[in-house]
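Work through the exercises below with the sequence and the structure at hand. Each task is followed by a solution in steps.

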Amino acid sequence: ISQNEIEKIKLLENQFDTQDFYFQIDENNFIIFLSELNFFDFKEKVEQIFSQNSVHFVLLPQILETIENIKSYGIKSKKRVYVGYNQERKVKERKAKIQNRNSFTENIFDKTNVELPQVFENQIVCAESKEFLKNLPPNCIDLILTSPPYNFGLNYSENNDTSQWEKYFETLFSIFDECIRVLKFGGRIIVNVQPLYSDYIPSHHIIGNYFLNKKLLWKTEILWEKNNYNAKYCSWGSWKSPSNPYLKGTWEFLEVFCKGTMKKEGLKENIDITEEEFKKWVNAEWSIAPERNMKNFGHPAMFPEELAKRAIKLFSYQKDVILDPFNGAGTTTCVAKMLNRKFLGIDISEQYCETALKRLENKIF
């Protein structure tokens with residue numbers, strides 16, 4: 001490399017902010033330090049050097065080509081940003097701003113938690129949930145995981161799951177009122193629900209809005225992808241017409257809310273989620289096949305054990321109390337037992353309660 005070319009490179013360097021861009025030359029190495037750069041301005045200046053000098057440049061064309069071939073960068077004020085462009089932007093005074101935005105969800109709950117009375121531990125109860133839950137003291141349940149009847153018209157053991165939507169939500173929310181009361185401060189409630197597309201009823205939004213109005217904190221919405229692609233083609237609505245096409249998803253939702261605080265207190269030794277499980281499950285799209293053995297359990301609408309396993313391990317500790325007020329054939333209580341949690345399952349159907357008990361005794365699979 002000629003001394004003339006080195007001098008031209010140094011002159012080029014001086015035209016840019018050294019915090020963004022500079023060179024370092026020693027006997028054996030030429031190093032480019034590149035943070036951000038107006039590349040087109042840089043290219044224009046290099047080409048001016050070429051046009052104004054008749055000498056043969058060796059290094060300068062390589063520098064231009066090397067920088068031009070960098071394809072990963074951000075854009076800020078006409079500059080290509082090469083360092084830190086893909087990092088999450090930090091918000092100044094983040095906590096204060098969150099608190100200001102969330103003033104409508106101010107804490108209204110008693111922070112005093114109690115233990116579930118032993119008489120209710122690890123029980124399957126055949127009862128109407130709203131009335132039975134009144135027997136429980138406030139703030140005694142760590143996690144509620146449930147999937148209420150969807151009001152789709154399925155033939156459950158004790159009812160046919162079809163009523164006026166106003167009546168359906170009135171009944172559902174009266175049970176959820178008791179669920180909120182018995183949930184511990186810092187406890188979570190997870191509701192698995194699917195909208196009824198044919199009625200255009202966004203149940204997940206209606207239920208989410210109910211919990212927000214009750215001052216619970218929204219934690220997340222998990223999309224349960226069932227990969228049940230046949231479900232798309234049951235009905236088309238207005239065939240090949242924009243008049244009223246019928247759209248059906250292959251997924252359901254898990255709405256997750258917290259009572260009073262996002263932080264759930266617990267002992268470190270009672271954490272049983274692995275590193276790999278945590279990294280996989282915090283992605284809020286869970287690809288899990290539907291329950292394949294519903295006929296064996298005599299129930300028309302069940303979520304699979306894998307779904308309950310993920311929800312319970314991600315949002316509770318071992319020895320926590322897990323409640324399902326719509327326990328059905330007992331998936332929640334069965335998985336809670338397997339994962340060393342205490343449980344309480346309530347259902348109005350004697351048939352389903354018997355099934356749930358058999359699953360706990362490993363007499364049905």
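**Exercise 1.** Determine how many of the residues of helix H11 (residues 331-338) are buried, and what covers them.

Step 1. Buried means under 20% relative accessible area, exposed over 50%, partly exposed in between (1.4 Å probe, protein chains only). By this rule, 6 of the 8 residues of H11 are buried, and the helix is mostly covered.
Step 2. The buried ones are Thr331, Thr332, Thr333, Cys334, Val335 and Ala336.
Step 3. Their cover includes strands S6 (123-126), S7 (141-146), S12 (321-324) and S13 (342-347), along with helices H10 (305-315) and H12 (350-360).

The model is predicted: local features need pLDDT of at least 70, side-chain atom pairs count only at pLDDT 80 or more, and totals for chains, interfaces and linings use all residues. Residues are numbered from 1 along each chain as its sequence is written, and side-chain values use heavy atoms, with hydrogens and water left out.

**Exercise 2.** Describe how helix H1 (residues 3-13) packs with helix H3 (residues 59-68).

Step 1. The angle is about 40° and the axes are 10 Å apart.
Step 2. H1 is therefore oblique to H3; angles under 35 degrees count as roughly parallel, over 145 as roughly antiparallel, 65 to 115 as roughly perpendicular and the rest as oblique.
Step 3. Glu5, Ile9 and Leu12 in H1 meet Leu59, Leu60, Pro61 and Ile63 in H3.

**Exercise 3.** Is Glu178 buried or exposed?

Step 1. Glu178 is in helix H6 (residues 165-182).
Step 2. Its relative accessible area is 14%, so Glu178 is buried.

Note on methods: Helix = DSSP H or I, 4+ residues; strand = E, 2+ residues; numbered from the N terminus. Contact = heavy atoms within 4.5 Å. Axes fitted to C-alpha atoms, helices over the stretch in contact; angles between N-to-C directions.
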